[in-house]
Amino acid sequence: MPRPIQALIDPQAIRHNLARAHAAAGDANVWAVVKANAYGHGIERVFDAMRAADGFAMLDLSEAERVRALGWRGPVLLLEGAFEVRDLELCSRLGLWHTVHCDEQIEMLALHKTHMPHRVFLKMNTGMNRLGFTPDRYRAAWARLNALPQVDEISHMTHFSDADGDKGIEEQVQRFVQATQDLPGERSLANSAAVLRHCTQAGVRADWVRPGIALYGSSPDHPKHTSAQWDLQPAMSLRARIIGVQHLQPGDTVGYGSSFKAEQPMRVGVVACGYADGYPRICPTGTPVLINGVRSRTLGRVSMDMLAVDLSALPDAGMGAEVTLWGRSSQGAVLPIDEVAAHAQTLGYELMCALAQRVPVTVIE
Ligand SMILES: *Cc1c(COP(=O)(O)O)cnc(C)c1O
């Protein structure tokens with residue numbers, strides 16, 4: 001028998017979440033962002049459930065190739081564009097749209113030999129200060145691109161730094177609108193947080209939105225809103241089983257460093273999941289888990305292959321009991337990945353992306 005741990009991918013949840021994104025985006029087209037192997041879920045595993053998207057967006061050319069290999073003939077966008085001139089050959093061959101965020105990429109395009117002019121998304125840096133042309137340099141970049149025979153259509157895009165926070169997107173939208181208002185071309189704005197929180201606001205006009213995390217069922221602004229409040233369903237569930245049970249007396253401790261000490265007699269379950277499976281080692285005693293669908297907590301330090309859970313309130317749970325580390329239990333109860341992430345001082349994004357190679361993944365029928 002294989003070690004009793006698995007990740008389950010739920011296509012129905014992804015379909016539901018994508019429908020939520022479409023509804024929140026109004027008339028805008030929706031890029032399904034599938035970078036980082038679909039946020040750890042596996043592009044091939046989620047593709048079918050995402051067919052209702054208007055396009056797929058990612059960074060890696062190899063991931064774009066995989067989406068084409070799955071038979072997708074619609075739009076594909078490289079969010080960071082080309083890294084070297086040769087990448088543009090693949091863009092021509094596979095009909096990929098690509099971001100242009102710096103002068104070097106314009107120079108690459110000027111050197112690129114193609115019979116098929118490219119559609120590009122010119123990126124404006126409206127305050128994130130990661131990629132893109134600042135508003136004062138944007139127009140010149142646009143004019144250079146517009147003069148290239150290698151370029152067909154130019155769309156405009158920017159990325160928000162605070163769509164999930166109090167600062168919001170207003171300032172950035174203003175800069176973007178001001179710098180693009182008399183330029184032709186479609187506009188692409190909005191990650192998940194902006195789609196869910198701001199898309200209905202006046203003045204935020206997008207032809208394309210780019211949700212990622214919401215499609216996988218994690219709340220983009222947890223804990224301000226939970227996934228349930230956004231009506232999102234977990235696309236990934238990490239489940240393992242109890243492979244050992246210990247009976248503690250007061251004063252007994254659990255795991256490396258003896259960081260948890262029992263104050264009364266208690267039962268402890270040892271779960272076949274550790275940090276080598278992608279469960280964060282930093283999660284302290286008290287991180288929530290579901291045992292046979294009932295909430296409990298971890299005890300002591302997470303080790304490489306195992307962690308311990310509290311069985312005190314669960315007299316019927318023992319060897320073989322199902323432990324849901326995040327996502328949906330087989331009884332249907334949900335432990336949001338965002339809650340576990342909060343205990344690990346991070347976001348659902350990082351947990352789903354860090355699911356380890358050694359965990360077998362099953363797609364739910
Ligand atoms: C990752 C990414 C997104 C998606 O962000 P989420 O917060 O996951 O919705 C959108 N746009 C760009 C440019 C990205 O890199």
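Across the interface of domain 1 and domain 2, the rule finds zero salt bridges (a salt bridge being a side-chain nitrogen of Lys or Arg within 4 Å of a carboxyl oxygen of Asp or Glu). By class, the side of domain 1 that touches domain 2 has five nonpolar, two polar and one charged residues. Here Ala, Val, Leu, Ile, Met, Phe, Trp, Tyr, Cys and Pro are nonpolar, Asp, Glu, Lys and Arg are charged, and the others, Gly among them, are polar.

Together the two domains bury about 780 Å², with 75% of it on carbon and sulfur atoms. Buried area is the accessible area (1.4 Å probe) that two parts lose on being put together, summed over both. Y39, R45 and I213 supply 56% of what domain 1 buries against domain 2, more than any other three residues.

## About the model

You are looking at a predicted model, where local features need pLDDT of at least 70, side-chain atom pairs count only at pLDDT 80 or more, and totals for chains, interfaces and linings use all residues. Residues are numbered from 1 along each chain as its sequence is written, and side-chain values use heavy atoms, leaving out hydrogens and water.

The domain assignment gives domain 1 (11–216) and domain 2 (236–363); such bounds come from an automatic or database assignment. Their C-alpha centres lie 37 Å apart.

## A helix and its cover

Now find helix α5 (residues 85–94), whose buried residues are D87, L88, L90, C91 and S92. Buried means under 20% relative accessible area, exposed over 50%, and partly exposed in between (1.4 Å probe, protein chains only). Helices (H or I, at least four residues) and strands (E, at least two) are DSSP runs, numbered from the N terminus. Among the elements covering those buried residues are α4 (61–69) and β5 (97–100), with contact meaning heavy atoms within 4.5 Å. Just after α5, G95 takes a positive phi of about 65 degrees.

Most residues other than glycine have a negative phi, and most peptide bonds are trans. A36, in helix α2 (residues 35–39), has a positive phi of about 50 degrees. The bond from H222 to P223 is cis, with omega near 5 degrees.
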